[in-house]
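User: Hello! I am new to this structure and would like to go through it step by step. Could you show it to me?

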Amino acid sequence: MAVAEAVAAPAVQRPSFSIVPVRALPVAGLVLVGLVVSIAGNWAWALDFYHVVGGGLWTGVDLFMGFVIGPAMRKLSIPARIELTTRLMPKTLVIMPTLVTMTLASGFQLARLNGMLSGGYDRHAWVVVSMVVVAVMAVTALGLLQPANIAVLFELRKPQPNPAVVQKLMRRFIYAAAVTGAMQIATLVIMTRLAS
Amino acid sequence: MPPVTELGMLSIALVASGVIYLAAYLPRHAPLAPAVGLLVAAAVVLGANVALLARQPGFRWTRFREVARWLLLVYLVIAGMIEFAFLYDHTHGAVLAVMTLLLVLFMLNVPLIGGFTVAWYDAPVAE
(Lines give C-alpha, C1' and ligand atoms only; values in the text may rest on other atoms or scores of the structure.)
Protein backbone atom coordinates (compact mmCIF):
# COMPACT_ATOMS: atom_id res chain seq x y z
CA MET A 1 0.00 0.00 0.00
CA ALA A 2 2.76 2.40 0.99
CA VAL A 3 4.68 1.57 -2.20
CA ALA A 4 1.59 2.08 -4.35
CA GLU A 5 1.02 5.50 -2.78
CA ALA A 6 4.63 6.43 -3.31
CA VAL A 7 4.33 5.58 -7.00
CA ALA A 8 1.05 7.46 -7.39
CA ALA A 9 2.28 10.55 -5.59
CA PRO A 10 6.07 10.66 -5.30
CA ALA A 11 7.52 13.14 -2.83
CA VAL A 12 8.76 16.27 -4.55
CA GLN A 13 11.46 18.73 -3.56
CA ARG A 14 10.43 22.36 -3.59
CA PRO A 15 12.35 25.54 -2.79
CA SER A 16 11.14 27.70 0.09
CA PHE A 17 9.14 30.69 -1.07
CA SER A 18 6.59 33.30 -0.02
CA ILE A 19 3.06 33.11 -1.51
CA VAL A 20 2.88 36.90 -1.81
CA PRO A 21 6.16 38.70 -2.61
CA VAL A 22 5.77 41.37 0.07
CA ARG A 23 8.66 43.46 -1.25
CA ALA A 24 6.72 44.08 -4.48
CA LEU A 25 3.64 45.48 -2.70
CA PRO A 26 4.99 49.04 -2.20
CA VAL A 27 5.70 49.23 -5.95
CA ALA A 28 2.16 48.11 -6.75
CA GLY A 29 0.86 50.61 -4.20
CA LEU A 30 2.82 53.46 -5.83
CA VAL A 31 1.47 52.52 -9.25
CA LEU A 32 -2.11 52.58 -7.93
CA VAL A 33 -1.63 55.91 -6.12
CA GLY A 34 -0.32 57.37 -9.38
CA LEU A 35 -3.40 56.02 -11.13
CA VAL A 36 -5.77 57.70 -8.65
CA VAL A 37 -3.86 60.99 -8.99
CA SER A 38 -4.04 60.75 -12.80
CA ILE A 39 -7.79 60.16 -12.72
CA ALA A 40 -8.41 62.89 -10.14
CA GLY A 41 -6.32 65.35 -12.16
CA ASN A 42 -7.79 64.33 -15.55
CA TRP A 43 -4.18 64.13 -16.69
CA ALA A 44 -4.62 62.94 -20.27
CA TRP A 45 -1.00 61.95 -20.89
CA ALA A 46 -0.80 59.92 -17.66
CA LEU A 47 -4.12 58.20 -18.40
CA ASP A 48 -2.86 57.33 -21.89
CA PHE A 49 0.40 56.08 -20.38
CA TYR A 50 -1.38 53.91 -17.82
CA HIS A 51 -3.76 52.49 -20.41
CA VAL A 52 -1.21 51.79 -23.13
CA VAL A 53 1.54 50.47 -20.84
CA GLY A 54 -0.85 48.50 -18.61
CA GLY A 55 -2.83 47.10 -21.54
CA GLY A 56 0.29 46.21 -23.53
CA LEU A 57 1.87 44.39 -20.61
CA TRP A 58 -1.39 42.68 -19.60
CA THR A 59 -1.95 41.46 -23.17
CA GLY A 60 1.68 40.42 -23.57
CA VAL A 61 1.83 38.54 -20.28
CA ASP A 62 -1.50 36.77 -20.93
CA LEU A 63 -0.46 35.69 -24.43
CA PHE A 64 2.97 34.62 -23.20
CA MET A 65 1.53 32.62 -20.31
CA GLY A 66 -1.26 31.08 -22.36
CA PHE A 67 0.60 30.18 -25.53
CA VAL A 68 4.30 29.98 -24.58
CA ILE A 69 4.81 29.19 -20.89
CA GLY A 70 1.73 26.94 -20.67
CA PRO A 71 2.63 24.53 -23.50
CA ALA A 72 6.32 24.62 -22.48
CA MET A 73 5.43 23.78 -18.88
CA ARG A 74 3.47 20.72 -19.94
CA LYS A 75 6.70 19.26 -21.34
CA LEU A 76 8.80 19.91 -18.21
CA SER A 77 9.57 17.30 -15.58
CA ILE A 78 7.59 17.57 -12.33
CA PRO A 79 10.54 19.00 -10.33
CA ALA A 80 11.23 21.56 -13.07
CA ARG A 81 7.54 22.55 -13.14
CA ILE A 82 7.57 23.02 -9.39
CA GLU A 83 10.74 25.08 -9.54
CA LEU A 84 9.27 27.32 -12.24
CA THR A 85 5.91 27.57 -10.50
CA THR A 86 7.36 28.65 -7.15
CA ARG A 87 9.45 31.34 -8.87
CA LEU A 88 6.80 32.59 -11.30
CA MET A 89 3.38 32.33 -9.67
CA PRO A 90 3.92 34.52 -6.58
CA LYS A 91 5.02 37.35 -8.85
CA THR A 92 1.89 37.06 -11.02
CA LEU A 93 -0.24 37.42 -7.86
CA VAL A 94 0.98 41.02 -7.55
CA ILE A 95 1.65 41.90 -11.20
CA MET A 96 -1.63 40.83 -12.81
CA PRO A 97 -4.17 42.58 -10.53
CA THR A 98 -2.03 45.74 -10.72
CA LEU A 99 -1.89 45.65 -14.54
CA VAL A 100 -5.60 44.90 -14.83
CA THR A 101 -6.58 47.73 -12.45
CA MET A 102 -4.35 50.31 -14.15
CA THR A 103 -5.57 49.31 -17.64
CA LEU A 104 -9.29 49.21 -16.88
CA ALA A 105 -9.49 52.27 -14.63
CA SER A 106 -7.48 54.50 -17.00
CA GLY A 107 -9.29 53.05 -20.05
CA PHE A 108 -12.71 53.77 -18.62
CA GLN A 109 -11.68 57.31 -17.72
CA LEU A 110 -10.15 57.91 -21.16
CA ALA A 111 -13.28 56.60 -22.87
CA ARG A 112 -15.35 58.91 -20.74
CA LEU A 113 -13.15 61.96 -21.44
CA ASN A 114 -12.97 61.22 -25.19
CA GLY A 115 -16.73 60.69 -25.49
CA MET A 116 -16.33 57.03 -26.46
CA LEU A 117 -18.76 55.91 -23.77
CA SER A 118 -21.49 58.08 -25.20
CA GLY A 119 -24.17 56.31 -27.21
CA GLY A 120 -23.66 58.93 -29.91
CA TYR A 121 -20.08 57.80 -30.58
CA ASP A 122 -20.03 56.08 -33.99
CA ARG A 123 -18.05 53.07 -32.69
CA HIS A 124 -19.93 52.78 -29.40
CA ALA A 125 -20.80 49.16 -30.19
CA TRP A 126 -17.08 48.30 -30.26
CA VAL A 127 -16.65 49.88 -26.82
CA VAL A 128 -19.47 47.75 -25.44
CA VAL A 129 -17.99 44.62 -27.07
CA SER A 130 -14.65 45.43 -25.41
CA MET A 131 -16.45 45.52 -22.04
CA VAL A 132 -17.96 42.10 -22.76
CA VAL A 133 -14.52 40.70 -23.64
CA VAL A 134 -13.12 42.15 -20.40
CA ALA A 135 -16.02 40.56 -18.50
CA VAL A 136 -15.22 37.12 -19.99
CA MET A 137 -11.57 37.58 -19.01
CA ALA A 138 -12.53 38.74 -15.50
CA VAL A 139 -14.84 35.77 -14.91
CA THR A 140 -12.17 33.33 -16.16
CA ALA A 141 -9.33 34.97 -14.23
CA LEU A 142 -11.21 35.45 -10.95
CA GLY A 143 -13.03 32.13 -11.05
CA LEU A 144 -10.33 29.78 -12.35
CA LEU A 145 -6.94 31.33 -12.86
CA GLN A 146 -6.32 33.24 -9.64
CA PRO A 147 -7.77 30.57 -7.26
CA ALA A 148 -5.74 27.84 -9.01
CA ASN A 149 -2.63 30.01 -8.72
CA ILE A 150 -3.09 30.53 -4.96
CA ALA A 151 -4.11 26.91 -4.32
CA VAL A 152 -1.06 25.52 -6.10
CA LEU A 153 1.21 27.78 -4.04
CA PHE A 154 -0.42 26.57 -0.81
CA GLU A 155 0.06 22.98 -1.95
CA LEU A 156 3.71 23.57 -2.79
CA ARG A 157 4.39 25.03 0.65
CA LYS A 158 3.47 21.73 2.29
CA PRO A 159 6.36 19.50 3.43
CA GLN A 160 5.05 16.79 1.08
CA PRO A 161 3.19 18.44 -1.83
CA ASN A 162 0.88 16.12 -3.73
CA PRO A 163 1.98 16.12 -7.41
CA ALA A 164 -1.49 15.01 -8.54
CA VAL A 165 -3.10 18.06 -6.93
CA VAL A 166 -0.39 20.36 -8.31
CA GLN A 167 -0.85 18.90 -11.79
CA LYS A 168 -4.63 19.24 -11.69
CA LEU A 169 -4.44 22.88 -10.54
CA MET A 170 -1.73 23.73 -13.06
CA ARG A 171 -3.81 22.21 -15.85
CA ARG A 172 -6.69 24.43 -14.80
CA PHE A 173 -4.35 27.44 -14.66
CA ILE A 174 -2.91 26.78 -18.11
CA TYR A 175 -6.31 26.27 -19.79
CA ALA A 176 -7.68 29.41 -18.13
CA ALA A 177 -4.58 31.33 -19.27
CA ALA A 178 -5.22 30.10 -22.84
CA VAL A 179 -8.82 31.39 -22.68
CA THR A 180 -7.71 34.81 -21.45
CA GLY A 181 -4.98 34.77 -24.11
CA ALA A 182 -7.60 34.18 -26.81
CA MET A 183 -9.71 37.02 -25.36
CA GLN A 184 -6.63 39.23 -25.49
CA ILE A 185 -6.43 38.66 -29.25
CA ALA A 186 -10.03 39.87 -29.47
CA THR A 187 -9.04 42.89 -27.36
CA LEU A 188 -6.18 43.69 -29.76
CA VAL A 189 -8.63 43.66 -32.70
CA ILE A 190 -11.13 45.88 -30.88
CA MET A 191 -8.56 48.38 -29.56
CA THR A 192 -6.85 48.80 -32.95
CA ARG A 193 -10.28 49.19 -34.52
CA LEU A 194 -11.14 51.94 -32.02
CA ALA A 195 -7.79 53.67 -32.48
CA SER A 196 -7.83 53.69 -36.31
CA MET B 1 -16.79 18.75 -5.66
CA PRO B 2 -19.63 21.21 -4.93
CA PRO B 3 -20.16 23.72 -7.77
CA VAL B 4 -19.01 26.70 -5.69
CA THR B 5 -16.59 27.89 -8.38
CA GLU B 6 -19.20 27.59 -11.14
CA LEU B 7 -21.86 29.44 -9.11
CA GLY B 8 -19.33 32.10 -8.13
CA MET B 9 -18.41 32.61 -11.77
CA LEU B 10 -22.11 32.84 -12.67
CA SER B 11 -22.64 35.47 -9.98
CA ILE B 12 -19.63 37.51 -11.20
CA ALA B 13 -20.92 37.19 -14.79
CA LEU B 14 -24.32 38.57 -13.68
CA VAL B 15 -22.57 41.43 -11.87
CA ALA B 16 -20.45 42.17 -14.96
CA SER B 17 -23.57 42.13 -17.15
CA GLY B 18 -25.22 44.67 -14.84
CA VAL B 19 -22.19 46.97 -14.89
CA ILE B 20 -21.84 46.72 -18.69
CA TYR B 21 -25.55 47.42 -19.14
CA LEU B 22 -25.35 50.58 -17.00
CA ALA B 23 -22.00 51.69 -18.46
CA ALA B 24 -23.26 51.26 -22.03
CA TYR B 25 -25.80 54.03 -21.38
CA LEU B 26 -23.39 56.53 -19.81
CA PRO B 27 -23.52 59.48 -19.49
CA ARG B 28 -27.32 59.02 -19.74
CA HIS B 29 -29.21 57.07 -17.11
CA ALA B 30 -30.22 53.58 -18.18
CA PRO B 31 -33.67 52.16 -17.35
CA LEU B 32 -32.84 50.49 -14.03
CA ALA B 33 -35.15 47.46 -14.08
CA PRO B 34 -32.79 45.12 -16.04
CA ALA B 35 -29.81 46.14 -13.87
CA VAL B 36 -31.80 45.56 -10.68
CA GLY B 37 -32.88 42.17 -12.05
CA LEU B 38 -29.26 41.22 -12.69
CA LEU B 39 -28.29 42.50 -9.23
CA VAL B 40 -30.99 40.41 -7.54
CA ALA B 41 -30.06 37.33 -9.59
CA ALA B 42 -26.36 37.74 -8.68
CA ALA B 43 -27.27 38.12 -5.00
CA VAL B 44 -29.50 35.01 -5.07
CA VAL B 45 -26.73 32.95 -6.69
CA LEU B 46 -24.19 34.23 -4.13
CA GLY B 47 -26.58 33.41 -1.26
CA ALA B 48 -27.20 29.91 -2.64
CA ASN B 49 -23.46 29.43 -3.01
CA VAL B 50 -22.76 30.42 0.61
CA ALA B 51 -25.56 28.09 1.78
CA LEU B 52 -24.14 25.25 -0.31
CA LEU B 53 -20.67 25.78 1.11
CA ALA B 54 -21.96 26.02 4.69
CA ARG B 55 -23.42 22.54 4.32
CA GLN B 56 -20.15 20.89 3.28
CA PRO B 57 -19.12 18.42 5.98
CA GLY B 58 -15.46 18.57 7.00
CA PHE B 59 -14.77 21.72 5.01
CA ARG B 60 -11.52 23.43 6.08
CA TRP B 61 -12.94 26.74 7.26
CA THR B 62 -9.68 27.80 8.90
CA ARG B 63 -7.84 27.66 5.57
CA PHE B 64 -10.84 29.27 3.84
CA ARG B 65 -10.77 32.24 6.24
CA GLU B 66 -6.99 32.56 5.97
CA VAL B 67 -7.20 33.07 2.19
CA ALA B 68 -10.59 34.78 1.92
CA ARG B 69 -9.79 37.61 4.34
CA TRP B 70 -6.71 38.69 2.37
CA LEU B 71 -8.53 38.46 -0.93
CA LEU B 72 -11.35 40.47 0.61
CA LEU B 73 -8.84 43.16 1.60
CA VAL B 74 -7.34 43.26 -1.92
CA TYR B 75 -10.72 43.48 -3.64
CA LEU B 76 -11.94 46.03 -1.08
CA VAL B 77 -9.12 48.29 -2.28
CA ILE B 78 -9.95 47.62 -5.94
CA ALA B 79 -13.70 48.11 -5.37
CA GLY B 80 -12.90 51.29 -3.44
CA MET B 81 -10.98 52.63 -6.43
CA ILE B 82 -13.86 51.82 -8.77
CA GLU B 83 -16.33 53.48 -6.37
CA PHE B 84 -14.05 56.52 -6.29
CA ALA B 85 -14.21 56.66 -10.11
CA PHE B 86 -18.03 56.48 -10.00
CA LEU B 87 -18.22 59.33 -7.48
CA TYR B 88 -15.58 61.35 -9.34
CA ASP B 89 -17.60 61.00 -12.54
CA HIS B 90 -20.69 62.36 -10.73
CA THR B 91 -22.62 59.11 -10.84
CA HIS B 92 -25.40 59.55 -8.31
CA GLY B 93 -28.84 58.48 -7.15
CA ALA B 94 -30.29 55.10 -8.02
CA VAL B 95 -27.59 54.31 -10.62
CA LEU B 96 -24.86 54.83 -7.99
CA ALA B 97 -26.77 52.65 -5.51
CA VAL B 98 -27.12 49.79 -8.02
CA MET B 99 -23.48 50.14 -9.16
CA THR B 100 -22.30 50.10 -5.52
CA LEU B 101 -24.33 47.00 -4.68
CA LEU B 102 -23.00 45.26 -7.81
CA LEU B 103 -19.47 46.13 -6.64
CA VAL B 104 -20.20 44.70 -3.19
CA LEU B 105 -21.34 41.42 -4.75
CA PHE B 106 -18.22 41.33 -6.95
CA MET B 107 -16.07 41.98 -3.88
CA LEU B 108 -17.69 39.10 -1.96
CA ASN B 109 -17.60 36.55 -4.77
CA VAL B 110 -13.85 36.71 -5.37
CA PRO B 111 -12.78 35.73 -1.81
CA LEU B 112 -15.50 33.07 -1.75
CA ILE B 113 -14.14 31.34 -4.88
CA GLY B 114 -10.48 31.80 -3.91
CA GLY B 115 -10.94 30.64 -0.33
CA PHE B 116 -13.03 27.67 -1.43
CA THR B 117 -10.51 26.48 -4.05
CA VAL B 118 -7.56 26.67 -1.65
CA ALA B 119 -9.46 25.04 1.23
CA TRP B 120 -10.89 22.30 -0.98
CA TYR B 121 -7.55 21.28 -2.46
CA ASP B 122 -5.87 21.68 0.92
CA ALA B 123 -7.52 18.43 1.96
CA PRO B 124 -8.85 16.93 -1.28
CA VAL B 125 -12.02 14.93 -0.88
CA ALA B 126 -12.56 11.97 -3.22
CA GLU B 127 -14.60 13.20 -6.21
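User: Among contacts in chain A between residues at least 6 apart in sequence, what percentage join residues at least 24 apart?

Analyst: Welcome! This is a predicted model, in which local features need pLDDT of at least 70, side-chain atom pairs count only at pLDDT 80 or more, and totals for chains, interfaces and linings use all residues. Residues are numbered from 1 along each chain as its sequence is written, while chains are lettered from A and ligands numbered from 1 in the order in which they are written. Two residues are in contact if their C-beta atoms, placed from the backbone, lie within 7 Å. For the contacts you ask about, the share is 84%.

User: How many helices does chain A have?

Analyst: Helices (H or I, at least four residues) and strands (E, at least two) are DSSP runs, numbered from the N terminus. Chain A has zero strands, and its elements run α-α-α-α-α-α from the N terminus on. The number of helices is six.

User: Which helix of chain A gives the most to the side that touches chain B?

Analyst: The contact takes 29 residues from chain A and 29 residues from chain B. Helix 2 (25-40), helix 4 (78-113), helix 5 (124-156) and helix 6 (163-195) of chain A each supply at least two residues of the side of chain A that touches chain B. With 15 residues, the one that gives the most is helix 5.
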